[in-house]
Each structure stands twice: as structure tokens, then as C-alpha cells.
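Subject: Handover of a structure for your review

Dear colleague,

Please find below the sequence and structure that I am handing over to you. My findings follow directly after it.

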Amino acid sequence: MPPMENELQQWIQSQLQKCSHIVHPSPVELTPLKGDAGFRQYFRINTQPALLAVYAPKTEGNSESACYFAKISEVLRDRGVPTPQIIACEEKKNFLLIEDFGGESFLDVLNDDSVDMLYSEALMVLSRLQQIPRSAVSLPDYDYSLLHEELSFFSDWFVDQLLGYQLTEDDRQLLKETFDFLVNKALEQPQVLVHRDYHSRNLIYREGEAPGVIDFQDAVWGPITYDVVSLLRDCYISWSPEQVKRWLVTYGNLMIELGVMSDSVTGPQWQCWFDTMGLQRHIKVLGIFSRLFLRDGKMCYLQDLPQVWSYTLSVARQYPETVAFAEWCQQRLLPIVKQQDWYQDLELTAEQKAGVCA
């Protein structure tokens, strides 16, 4: 067993001695699980009830705090958002011992028959999250600087490093104008608690219960449409425009009914916020998925680039302020994109779009 796992096992054993309600062998066994886009390592533990151990190594580029995660989880749980119960956390080593929701995500069970029910449950949980007052937890602001920093991933990692395209000064000016428009649209929206990755891989299916919510450690205070677009225009699975429109209208009406959003917000304005927020997110994700492949060696994220690219082009064509960006992508980048091994026809099947990162 590697030194870290041995140390983690010993820490878990010591914590379980304090938990009379948890049945466990001695020593406990740690079974490594598939990781996610971050630096975290997960282990399933042979206890009753089932628990997970999490290790977030503190390295360059990763400053995650186990106890910060635990604090946010507690706030969300207290407000009716089903997050894992925290059994123990160790700040110095960045160890966590948490409730295990199981290994079946929404992505594993979503299909044409289940999607309406599952999305209804997910949107109800999201509404609880977005009603949490700012005074309940201290979170960073999803401000002008952070929104622009994320958009720079597109230029640095997707355009430059993955595609090898060298931006001209005219290109950079076009991107600046486009990004300024998207950031301003984000900042004019009502600001709420934002999970920041509220999608099918971070919602755990629990039969007969509300979905379990995970991977919320990057939560911020930001635009009301960010999480709903993460769910409805998921990078890993897609639905018809008619379905997305119906869910979006229903959720917008719920936000007004709950007082989270003013009834002065019109339908077209809500749609515009949703579209432009999604465009910001998907431009950013093109860069993030490229970085996950190039820097972290996670090749599986390349298979999701065609879906994100498709979202980006289709939405950018719909607004006068972003149509020049769409045309630039079509003329300058698409010929290079088509040469990539990961490129696929954008009319993918639902099964292809739902491919799980191995």
C-alpha cells in the first residue's frame, strides 16, 4: 500500500473508533474509485453504512481544503440540499470521511423515459440551493475578474495549445469584445449561491430520494442561470431544444414564485441570460477539457469536446453581439477542429453524448 493510503487507512481507523453506530472491520479496506476532473482521490470503505474516504493532495494548482468542503456541505444540508454527511475531516493532511451516496450518477440512469422525473427532482433541489441567503456562508464572488479568467482558458488551452492556432491582434480584440458582452450579461443577473458544476455526473441517483449533490467545493456567489444551464445544457448528455425550453420556463416561473427573481424579468430576458451564461460556460469548458487532456493526461475528456463545440457555435449564432465570434470560429477554427482525432459529426446519438470518462 502506498504511504499516503497507509496513512489514510490509519486515520480512518482512528476516526471510526469514535463512531459506535458504524460497523467496520479492523483494519478497514480501501478500494480506489475512478476520479473526476479535479485532483481528488476517492476510496470506498467496507463499513456499514457505506462510507467514502477522500484525499485532495495539496500541490501546485490545487489548494482545496477538506474542512472548507465540510463547512459548505453542512450549510447545504441544513437548507435541504442532500449533500454527503461529513463523518470527519483532517485539515493538515486534507483527508475526509463522508457518507457514500452510491456509485450511480444521473448520467447512468437518464433516458427519454426518466428524464422528466429526474430533472424535476434536480431542479427542485437546485431551487433550495438558490434560496440560501448570502449570510449563511462566506463564498467568493463570481465577479468580472473570475469570469474573464475562466474565458482565457479558451484562448490559452483550446485555441493555442490544442489547436495550435496563433491569435492575431484582430482575433484578440474580437474575443475581448465577445467576452466582455458575456461577462456583463452574467453580472446583470440576480446573484445567488452557485454550485458551479451542477450536472449529471455530480448528481447521484438514489431511488425514492432526492438526488445526492456532490463536488460543490468550488461554489461561488454568482449568476442565477449558471447552474440551471449546467444541468439543462450538460456537457455529457443533451436534450431537444423543446425539452430544454420547457424546463427552463418552468424553472424561471418557480424562481419568480419563490421570490428569488423579480417578476419584472421577461421570458426573452430569462432566455437570453440562460443562453449567454451557457455560452460563457461552454467557451470556458472547451479550454478546461483541453487542459485536462494536455496537462493532466485525461484523454477521455476529448470525446466530450464535440458536444461543447456544438453548443458554442449554435448559441453564438443567435445573438448579434456574438455572431461575429461564431463566424470567426467557423472560418478560423473549424478547419483545424475537423483535423483533430477527437472530431465527430455534431449530430451525435444520445448514447455517444453520454460517454462516461474512463
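Asn 94 is buried, because its relative accessible area of 1% falls under the 20% cut-off. Please bear in mind throughout that this is a predicted model. Asn 94 sits in the loop between strand S4 (86-90) and strand S5 (95-99). In this hairpin, four residues separate the two strands, and Asn 94 adopts a positive phi near 65°. Asn 94 is a residue other than glycine. As background, most residues other than glycine have a negative phi.

Ile 86 has Ile 98 of S5 as its bridge partner, and Cys 89 stands opposite Leu 96 in S5. S5 is mostly covered, with four of its five residues buried. Cys 89, by contrast, counts as partly exposed, because its relative accessibility is 31%.

**The five-stranded sheet**

S4 and S5 belong to an open sheet of five strands in the order S1-S2-S3-S5-S4, with antiparallel pairing. Strand S1 (30-33) and S4 are the edge strands, each pairing on one side only. On average, neighbouring strands of this sheet are turned by 25° against each other, direction ignored. In general, the strands of a sheet pair through backbone hydrogen bonds.

Helix H2 (residues 66-78) lies across S4 and S5 and runs at about 155° to S4. Cys 67, whose number falls within the H2 range, has a relative accessibility of 24% and therefore counts as partly exposed. As for cysteine pairing in the model, the count of disulfides comes to zero.

The loop between strand S2 (41-45) and strand S3 (51-55) contains Pro 49. The peptide bond from Gln 48 to Pro 49 is cis, with omega near -5°. For comparison, most peptide bonds are trans.

Is Gly 212 buried or exposed? Gly 212 is buried, because its relative accessibility is 0%. Gly 212 lies in strand S8 (residues 212-213). Leaving aside neighbours within four places in sequence, Gly 212 is in contact with Pro 82, Phe 101, Asn 202, Leu 203, Ile 204 and Arg 206. Gly 212 and Ala 122 are 90 residues apart in sequence, and their C-alpha atoms are 9.3 Å apart in space.

Asp 215 is found in the loop between S8 and strand S9 (220-223). Asp 215 has a positive phi of about 60°, although it is not a glycine. With a relative accessible area of 12%, Asp 215 is therefore buried.

**Nonpolar cores**

The largest nonpolar core has 102 residues, and those with the most contacts inside it are Phe 154, Phe 158, Trp 328 and Leu 333. Helix H9 (residues 267-294) gives the most to this core, contributing 10 residues. A second, separate core of 17 residues includes Trp 11, Ile 22, Val 28 and Phe 43.

Which residues does Trp 328 contact, leaving aside its neighbours within four places in sequence? The contacts are Phe 154, Val 159, Tyr 165, Leu 167, Asp 171, Leu 174, Leu 175 and Leu 333. Two of these partners, Phe 154 and Leu 333, are themselves listed with the most contacts inside the largest core.

Asp 180 is found in helix H6 (residues 169-187). Asp 180 counts as buried, because its relative accessibility is 16%. Not counting residues up to four places away in sequence, Asp 180 touches Tyr 144 and His 148.

Yours sincerely

Note on methods. Residues are numbered from 1 along each chain as its sequence is written. This is a predicted model: local features need pLDDT of at least 70, side-chain atom pairs count only at pLDDT 80 or more; totals for chains, interfaces and linings use all residues. Side-chain values use heavy atoms; hydrogens and water are left out. Buried means under 20% relative accessible area, exposed over 50%, partly exposed in between (1.4 Å probe, protein chains only). Contact means heavy atoms within 4.5 Å. A nonpolar core is a set of buried Ala, Val, Leu, Ile, Met, Phe, Trp, Tyr and Cys residues joined through side-chain atoms within 4.5 Å. Two strands pair if DSSP finds at least two bridges between them. Axes are lines fitted to C-alpha atoms, for helices over the stretch in contact, and angles run from 0 to 180 degrees between N-to-C directions. A disulfide is a pair of cysteine sulfur atoms within 2.5 Å.
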